[in-house]
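Have the viewer open as you read.

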Amino acid sequence: MDKLSCYVLLLLSFFCFRLDLSWSLETRFNRAPNNQGSSDLANLVYHMGPVLSSPIKLYIIWYGNWNSTHQATIRDFLNSFSSPALSPSVADWWKTVRLYTDQTGSNITDSLSLSGEFFDSRLSNGVRLNRLSMQHIIKNAVTSKLSPLPLDPRNGLYLVLTSSDVQVDEFCRAVCGFHYFSFPSIVGATVPYAWIGYSGTQCPGVCAYPFARPLGAPPPSAMGGNDIMRPPNGDAGVDGMISVIAHELAESSSNPLVNAWYAGDNPIAPGEIADMCLGLYGSGGGGGYVGKVSTDAGGNGYNVNGVKGRRFLVQWVWDPVKKRCFGPNAMD
């Protein structure tokens with residue numbers, strides 16, 4: 001749900017989306033012990049609430065002044081969930097998320113479509129936001145007199161994406177993104193939503209790792225070379241944001257009302273299916289090592305393919321059948 005209370009500890013411990021991952025200055029991207037999760041460590045329980053089994057319509061609210069190139073990267077990522085691409089693909093990654101079911105046995109849907117966008121460049125709720133602000137931003141988007149988004153409680157999942165010029169409480173310090181559900185008294189209906197911020201200028205070393213060096217890390221020469229992975233779409237902030245978006249989509253779908261799939265006794269701060277695998281992107285990952293991933297001719301790291309020849313680096317999620325973290329690029 002919250003995705004960084006540990007990410008800040010990444011610098012002290014490592015990315016906690018609630019970010020719970022140890023990060024070691026001595027660990028390079030090409031070596032580390034296998035530590036991909038264990039059924040003894042993950043007590044993921046179904047609490048009888050709904051999952052998103054009906055086709056999901058994604059509605060983006062672009063809040064702030066967005067770079068059009070960054071917007072195109074995010075659109076292509078979201079359009080990759082239900083579109084064919086080279087394997088391993090974004091759609092292949094979603095197959096693990098689809099393994100989760102509700103009490104009727106219905107799986108999470110395989111249909112995600114980008115169904116609408118709203119541009120809030122005038123900053124309807126100001127430049128400084130808190131958690132509740134996100135619901136007012138959604139309300140503005142669905143009640144606007146100019147090209148409003150539909151209020152879609154049956155199929156809608158709303159993504160509030162804030163640009164580099166917007167400050168959000170706890171961003172970079174305690175969270176990189178979060179998901180929740182709206183209050184009818186504010187928005188007019190209960191709909192799942194997620195917020196994710198662009199960290200490229202505010203805290204790339206926190207929310208865009210492994211594409212940027214964490215604050216306080218020694219310079220490359222002190223580590224025997226530059227171990228920072230290059231982003232597959234040319235921008236650490238947006239490529240880091242892609243993985244946070246994937247994280248929140250997986251958890252919004254498996255725990256939309258915070259009463260379905262999670263570990264722990266506290267539904268306000270649950271361990272969800274992506275929290276279990278923070279910082280893992282490939283086989284052998286753990287201890288700050290992202291795992292075995294691919295690199296293109298330019299040395300850019302990725303683990304899944306998308307539409308238009310795009311490549312992305314997306315963290316793994318917990319597989320309830322294999323009972324370990326898993327992704328489509330797994331070597332075993």
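## The sheet and its helix

Two strands count as paired if DSSP finds at least two bridges between them. In this predicted model, strand β4 (residues 56–63) and strand β7 (residues 156–162) meet that rule with seven bridges, running in the parallel sense.

## Three disulfides

How many disulfides does a search of the whole structure find? The search turns up three. With the bonded cysteines numbered in sequence order, they pair as 1-3, 2-4, 5-6.

Start with Cys172 and Cys203, joined with an S to S distance of 2.0 Å. The link is left-handed, with -70° about the S-S bond. Cys172 is found in the loop between β8 (167–168) and β9 (177–181), and Cys203 in the loop between β10 (192–197) and α6 (204–207), so this bond ties together parts that are 31 residues apart in sequence. Cys172 and Cys203 are both buried.

Next come Cys176 and Cys207, with their sulfurs 2.1 Å apart. Because the torsion about this S-S bond is about -90°, the disulfide of Cys176 and Cys207 is left-handed. Cys176 sits in the loop between β8 and β9, while Cys207 is part of helix α6, so the parts tied together here are 31 residues apart in sequence. Both Cys176 and Cys207 are buried.

The remaining bond joins Cys277 to Cys325, S to S 2.1 Å. The torsion about the S-S bond of Cys277 and Cys325 is about -95°, so this disulfide is left-handed. It ties together parts that are 48 residues apart in sequence, because Cys277 lies in the loop between β11 (261–263) and β12 (294–295) and Cys325 in strand β17 (residues 324–326). Cys277 and Cys325 are buried.

## Aromatic pairs

A pair of aromatic rings is described by the distance of the centres and the angle of the planes. The count here comes to 16 aromatic pairs. Among them is Trp66 with Tyr198, an edge-to-face pair at 6.3 Å centre to centre and 70° between the planes. Trp66 lies in the loop between β4 and α2 (68–78) and Tyr198 in the loop between β10 and α6, so the pair ties together parts that are 132 residues apart in sequence. Trp66 and Tyr198 are both buried.

Trp316 and Phe326 have ring centres 6.2 Å apart and planes at 40°, so this pair is tilted. Trp316 is in the loop between β15 (311–312) and β16 (317–319) and Phe326 is in strand β17, so the pair ties together parts that are 10 residues apart in sequence. Trp316 counts as buried at 0% relative accessibility, and Phe326 counts as buried at 15%.

## A cluster, and charges over rings

One aromatic cluster is made up of Phe77, Phe81, Trp93, Trp94 and Phe312.

Which residue has its charged end over the ring of Phe326? That is Lys322, 4.4 Å from the ring's centre. Arg131, in turn, lies over the face of Phe178, 4.5 Å from the ring centre.

Methods. Residues numbered from 1 in each chain as written. Predicted model: local features only at pLDDT ≥ 70, side-chain atom pairs only at ≥ 80, totals over all residues. Heavy atoms only, no water. Disulfide = S-S within 2.5 Å. Helix = DSSP H or I, 4+ residues; strand = E, 2+ residues; numbered from the N terminus. Buried < 20%, exposed > 50% of the residue type's maximum accessible area, 1.4 Å probe, protein only. Phe/Tyr/Trp six-rings, centres within 6.5 Å; stacked < 30°, edge-to-face > 60°. Lys NZ or Arg CZ within 6 Å of the ring centre and 35° of its normal.
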